[in-house]
Amino acid sequence: QVQLVESGGGLVQPGGSLRLSCAASGFTFSIYAMSWYRQAPGKERELVAVISYAGRNTNYAHSVKGRFTISRDNAKNTVYLQMNSLKPEDTAVYYCNVVIDSRYSWGQGTQVTVSS
C-alpha cells in the first residue's frame, strides 16, 4: 500500500531554513506528481507546492513563492521541500501527498514551528 513518511521538521527562528523530506513506497513514484500541504491550528489544510512526475514543472502557493522550493529524486523515491526565509505564519504540520486514481494518500506529517 502507499506509504509516505515525512521528516525534517522542527523549531526554527524567523528567517531560518528547514528542509523537509518525504520518503515514498508502495507505488511507482516516478510516474506521479507529488505535493506538499500544510495545516495550521484552527485552519484548513492548504496546498503549498506541487511537482510533476519528472520534476520539470512546479507550482507554489502565493504565500511561499520565492521562499520555498520543491524537488524530487526519483532514484530515491523521495520528494523534498526546501524552506527559506521562514516566517511565524509558516508554522504548521506539513504533509506529503500523492493522488492515485483519485484517491488522496497522506503521510503522518511533520511539525514546523517558526518562533523566536
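A residue counts as buried when its relative accessible area is under 20%, as exposed when that value is over 50%, and as partly exposed in between. Keep this in mind as you work through the exercises on this predicted model.

**Exercise 1. Is arginine 38 buried, partly exposed or exposed, and which residues does arginine 38 touch?**

Step 1. Start by finding the residue: arginine 38 sits in strand S4.

Step 2. Now compare its value with the cut-off. Arginine 38 has a relative accessibility of 5%, and buried means under 20%, so arginine 38 counts as buried.

Step 3. Look at the surroundings, leaving out residues up to four places away in sequence. Arginine 38 touches Glu44, Arg45, Glu46, Val48, Ser63, Val64, Phe68, Glu89, Asp90, Ala92, Val93 and Tyr94.

Step 4. For a sense of distance, take alanine 49. Arginine 38 and alanine 49 are 11 residues apart in sequence, and their C-alpha atoms are 9.7 Å apart in space.

**Exercise 2. Trace the network of salt bridges that links Arg38, Glu46, Arg67 and Asp90.**

Step 1. Begin with the total: a search of the whole structure gives three salt bridges.

Step 2. Take the pair of arginine 38 and glutamate 46. Their closest N and O atoms are 2.6 Å apart. Glutamate 46 is partly exposed, at 33% relative accessibility.

Step 3. Move on to aspartate 90, whose side chain meets that of arginine 38 in a salt bridge of 2.9 Å, N to O. Aspartate 90 lies in the loop between S8 and S9 and arginine 38 in strand S4, so this pair ties together parts that are 52 residues apart in sequence.

Step 4. Aspartate 90 also forms a salt bridge with arginine 67, at 2.8 Å from N to O. This pair links distant parts of the chain, as arginine 67 lies in the loop between strand S6 (58–60) and S7, 23 residues from aspartate 90.

Step 5. Check the cover. Aspartate 90 has 0% relative accessibility and counts as buried; both aspartate 90 and arginine 67 are buried.

**Exercise 3. Which strands pair with S9, and which residues stand opposite each other?**

Step 1. First, place the strand. S9 covers residues 92–100 and is mostly covered, with seven of its nine residues buried.

Step 2. Strand S4 (residues 34–39) pairs with S9 in the antiparallel sense over five bridges. Here serine 35 stands opposite asparagine 97.

Step 3. Stay with serine 35 for a moment. Its relative accessible area is 9%, so serine 35 is buried. Beyond its neighbours within four places in sequence, serine 35 is in contact with Leu47, Ala49, Val50, Tyr95, Cys96 and Asn97.

Step 4. Strand S11 (residues 110–114) pairs with S9 in the antiparallel sense over three bridges. Threonine 110 in S11 is the bridge partner of tyrosine 94.

Step 5. S10 runs antiparallel to S9, and four bridges join these strands. Asparagine 97 stands opposite tryptophan 106 in S10.

Step 6. Finally, look at the turn. The hairpin of S9 and S10 has two residues between the strands, and aspartate 101 takes a positive phi near 55 degrees there.

**Exercise 4. Which residues form a nonpolar surface patch with about 270 Å² of accessible area together?**

Step 1. Find the members: the patch consists of Val99, Tyr104 and Trp106.

Step 2. Pick out tyrosine 104, which belongs to strand S10 (residues 103–106).

Step 3. Apply the opening cut-offs. Tyrosine 104 has a relative accessible area of 48%, so tyrosine 104 is partly exposed.

**Exercise 5. In the open sheet of four strands, in what order do the strands stand, and which strands are at the edges?**

Step 1. Read the order: S1-S3-S8-S7, with antiparallel pairing.

Step 2. Strand S1 (3–7) and strand S7 (68–73) each have a single partner strand, so one side of each has no neighbour in the sheet; these are the edges.

Step 3. Consider the angle. Neighbouring strands of this sheet are turned by 15 degrees against each other on average, direction ignored.

Step 4. S7 pairs with strand S8 (residues 78–83) in the antiparallel sense over six bridges. Isoleucine 70 stands opposite leucine 81 in S8.

Conventions. Residues numbered from 1 in each chain as written. Predicted model: local features only at pLDDT ≥ 70, side-chain atom pairs only at ≥ 80, totals over all residues. Heavy atoms only, no water. Patch = residues over 30% accessible without salt bridge, like charges linked within 9 Å, V, L, I, M, F, W, Y side chains within 5 Å. Areas by Shrake-Rupley, 256 points an atom, 1.4 Å probe, with all protein chains shown as cover. Salt bridge = Lys/Arg side-chain N within 4 Å of Asp/Glu carboxyl O. Buried < 20%, exposed > 50% of the residue type's maximum accessible area, 1.4 Å probe, protein only. Pairing = 2+ DSSP bridges. Axes fitted to C-alpha atoms, helices over the stretch in contact; angles between N-to-C directions. Contact = heavy atoms within 4.5 Å.
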